[in-house]
Amino acid sequence: MRTFKLLSVILIVAFVLSACAQPTPAPAPAAPAAKAEPTKAPAAEPTKAPAAAPAGGELKVAILAPLSGPVPTFGVSTRDGALLAIEEWNAKGGVLGKKIVPIVEDSQCTPDPAVNAANKVIDQDKVHYIIGEVCSKASIPVSEIANAKKVIQMSPTSTNASVTVGADGKTKDYIFRACFIDPFQGKVGAKFALENMKAKTAFILLDQANDYVKGLAEEFEKAYVAGGGKVVGKETYTAKDTDFSAILAKVAAAKPDVVYLPDYYNIVNLVTKQAKEKGITAAFLGGDGWDSSDLDLKAAAGGYFTNHYAPDSTAPEAVAFQKAYGAKFKDDKGQPKVPDALAALAYDATNMLLTAIKNAGADDADKVKAALESISFQGVSGKITLDKQHNPIKSATILKVTESKVVFDSVVAP
Amino acid sequence: MEPASVPLQSAPGERAIAARRRARGRPGAKLAWIGQGFLLLLAAAVLYILITNLIKDPPLFAAFVLSGLQLGFVYALIALGYTMVYGIVRLINFAHGDVFMVGAFVSFYAVTRFQLHIWPAAVFPDLPSGLVVVIGSLTVVLLSMIVCTAMAVTIERVAYKPLRDAPRIAALITAIGVSFFLEFFGALYFVFSPRFIPYQRPFEVVTWYIKDGIHLVQAGQAPPPGSITFSNIFLIIVAASILVQVVLQFLVRRTKIGKAMRATSFDKPTARLMGIDVDGVISFTFAVGAAFAGLGGVLYAIAYSSIWTQLGILPGLKAFVAAVLGGIGSLPGAFVGALIMGQAEALTSGYISTPMRDAVAFTILIIVLLVKPTGLFGEAAGEKA
């Protein structure tokens with residue numbers, strides 16, 4: 001009996017631990033816009049264009065993207081967005097009269113390979129500018145190296161606050177990003193709920209173990225209460241739950257106007273479906289974790305989420321970008337690819353960096369840094385200026401889920 | 001219930017010493033009242049919380065109990081397989097939860113890829129739509145059960161049978177290996193993929209609420225306050241689970257193969273001498289358990305409508321706890337244990353917090369093993385099926 005007891009307990013622990021090891025589908029770094037279909041990498045542009053340098057010489061820009069590893073679709077989108085921007089600049093004659101040469105490295109969304117890639121491009125290829133990484137956990141170690149070696153790093157999509165701010169609370173001089181950070185989305189969500197949805201009461205559902213979800217939920221609650229809303233309930237769950245009936249019974253009893261659920265699409269699918277079946281009519285509101293082709297549109301219909309970019313945006317920059325992107329990159333079936341938020345942000349990040357180099361008038365890290373700090377840039381994902389911590393101040397896009405597709409709803413300025 | 005390896009290795013003398021020591025009382029018996037007192041206090045606190053909340057808001061309490069029943073009946077379907085296999089070969093088949101997962105995936109592909117749930121409409125266009133749904137869904141369920149059965153028998157032949165005479169720990173570790181194999185093989189892109197997949201149901205889930213009679217919940221309409229809601233999938237799960245329990249009792253108690261199962265469980269070598277095809281009986285046991293797990297997988301996927309390859313881990317483990325709680329090897333025990341587990345989970349997530357419910361589930365396992373290792377219905381030794 002004792003062996004049996006001991007074994008049972010050990011086994012249970014082992015199983016639970018092993019189950020804990022791989023939770024969410026897209027351990028999404030920033031914008032978990034994981035597109036489902038295994039994207040075939042379109043024949044990449046010649047990454048190292050030898051010779052044929054125009055009169056002014058070359059300006060090398062490294063692109064660190066997770067082309068393999070857990071989130072390869074993020075990497076492909078990011079690389080394609082950045083390459084498109086560089087190609088457009090080269091067509092216009094490059095920057096400072098120099099041809100821009102992209103150097104693409106696979107950084108795998110993992111600290112070690114990202115650090116190796118960063119060392120390689122800085123020491124061997126002598127680049128002064130890095131676009132990347134996508135994932136915060138890879139961007140942070142890269143930022144330490146880049147900052148120490150006076151290389152400008154511009155992350156398109158890493159949303160963790162410590163990418164640009166060191167442990168001592170000081171802003172890292174040479175590190176920038178093109179996306180808003182997590183807490184900002186919560187603030188925007190609260191503003192949207194109060195002003196656009198006219199929701200007076202909210203119920204918050206969150207996964208306590210997920211920093212992304214927690215960050216959004218905490219900021220939402222703060223901003224919502226400060227704005228005069230009332231939080232009528234707050235419930236936590238875990239990433240592996242499938243049965244939400246107990247939580248939803250409480251939501252039904254509390255009768256909120258809006259339910260804030262800033263999690264990834266897999267949880268959103270489950271919760272919204274079960275909520276509809278319980279007869280819960282409150283609208284659901286979430287963050288960029290909803291942005292996926294696997295989102296169950298029928299279940300989530302009537303919900304809203306905050307995102308970096310709307311695929312059906314009608315702004316002239318966005319339309320031109322979509323056209324160019326679709327013309328250059330094709331999907332598996334040969335159809336023009338629709339750019340996702342990652343591609344849009346990589347495109348913006350690259351354009352912003354090159355504009356800053358142009359404004360600075362010299363290939364010099366300190367001058368470019370100063371130019372970036374004072375930049376005012378109109379990108380695909382909105383108008384961008386940078387704050388003291390090198391985080392963009394820009395408006396967020398609200399998308400509405402309908403039964404057939406996700407459509408642009410409105411833009412909310414901070 | 002004593003692991004086979006222990007009595008085999010301990011000499012008669014040692015056993016006598018152990019018995020004498022037991023008679024004198026285990027060391028530390030004087031302090032045992034602390035543990036017992038603690039458990040009693042815990043039980044009192046749980047009762048207090050439940051009763052105050054029942055008085056405060058009875059409809060909410062009923063909602064939790066109903067969701068607990070739904071979970072409990074699903075666990076019962078899985079727990080039966082654990083307990084039957086343990087009763088026959090003394091093996092905790094940890095791959096059982098993953099058979100459950102495969103059941104869910106088979107039904108998913110049958111519905112989305114092959115539209116199997118509407119085949120009667122294609123073959124007999126005149127059939128009323130209600131009948132089409134019933135026959136189509138039954139076909140899907142049946143297919144899942146058959147695939148799970150075939151898989152479990154294969155697993156038994158390939159992984160467990162060669163180890164039948166090996167120490168039990170070897171078979172146990174093999175079972176864990178098979179479990180991981182199914183999970184991570186399933187996670188490959190050309191098998192099931194590691195994604196969370198929205199499950200397309202073979203039939204729509206309809207919800208009713210009880211308040212002055214039973215009414216249908218219309219789309220986009222909230223049921224009135226103070227009402228209790230339940231769905232058709234809840235009724236199906238309850239009915240299926242009870243039906244399975246009855247069928248199994250009949251199978252074990254009244255049929256020839258049931259008699260063979262009981263004989264095999266009681267004494268394998270003697271059963272073989274009596275002309276019972278022991279290997280066949282063992283395969284049959286695995287097959288029956290897997291069929292019910294497959295049924296459970298389909299119903300679980302329909303109820304919670306999202307599937308991925310590690311779907312089976314937690315329900316499998318909780319069903320295992322349920323089987324231990326009820327007394328592993330006992331069929332009614334597994335059933336009752338599963339219902340208790342369902343309630344424990346639902347009420348924990350209702351009145352404490354959702355992340356606590358797994359902790360509570362496994363705390364129950366530890367308490368059972370400490371206080372009554374044979375479980376509620378467990379017999380000390382002997383006849384099991």
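User: What makes strand 1 of chain A and strand 3 of chain A a pair, and how many bridges join them?
Analyst: In this predicted model, three bridges join strand 1 to strand 3 (residues 129–131) of chain A, and the two run parallel; since two strands pair if DSSP finds at least two bridges between them, they count as a pair. Strands here are DSSP runs of E with at least two residues, and helices are runs of H or I with at least four, numbered from the N terminus. Within this pairing, Val61(A) stands opposite Tyr129(A). Residues are numbered from 1 along each chain as its sequence is written, and chains are lettered from A in the order in which they are written. Local features need pLDDT of at least 70.

User: Which residue of strand 2 of chain A is the bridge partner of Ile63(A)?
Analyst: The partner is Val104(A), and strand 2 (residues 99–106) of chain A pairs with strand 1 of chain A in the parallel sense over eight bridges.

User: Why is strand 1 of chain A called largely enclosed?
Analyst: Six of its eight residues (residues 58–65) are buried, so strand 1 of chain A is largely enclosed by the rest of the structure; a residue is buried if 20 or more other C-beta atoms, placed from the backbone, lie within 10 Å of its own.

User: What makes helix 13 of chain B oblique to helix 14 of chain B?
Analyst: Helix 13 (residues 313–326) and helix 14 (residues 331–351) of chain B pack at an angle of about 120°, with their axes 7 Å apart. That makes helix 13 of chain B oblique to helix 14 of chain B, because angles under 35 degrees count as roughly parallel, over 145 as roughly antiparallel, 65 to 115 as roughly perpendicular and the rest as oblique.

Terms used: Predicted model: local features only at pLDDT ≥ 70, side-chain atom pairs only at ≥ 80, totals over all residues. Buried ≥ 20, exposed ≤ 12 C-beta atoms within 10 Å, placed from the backbone. Axes fitted to C-alpha atoms, helices over the stretch in contact; angles between N-to-C directions.
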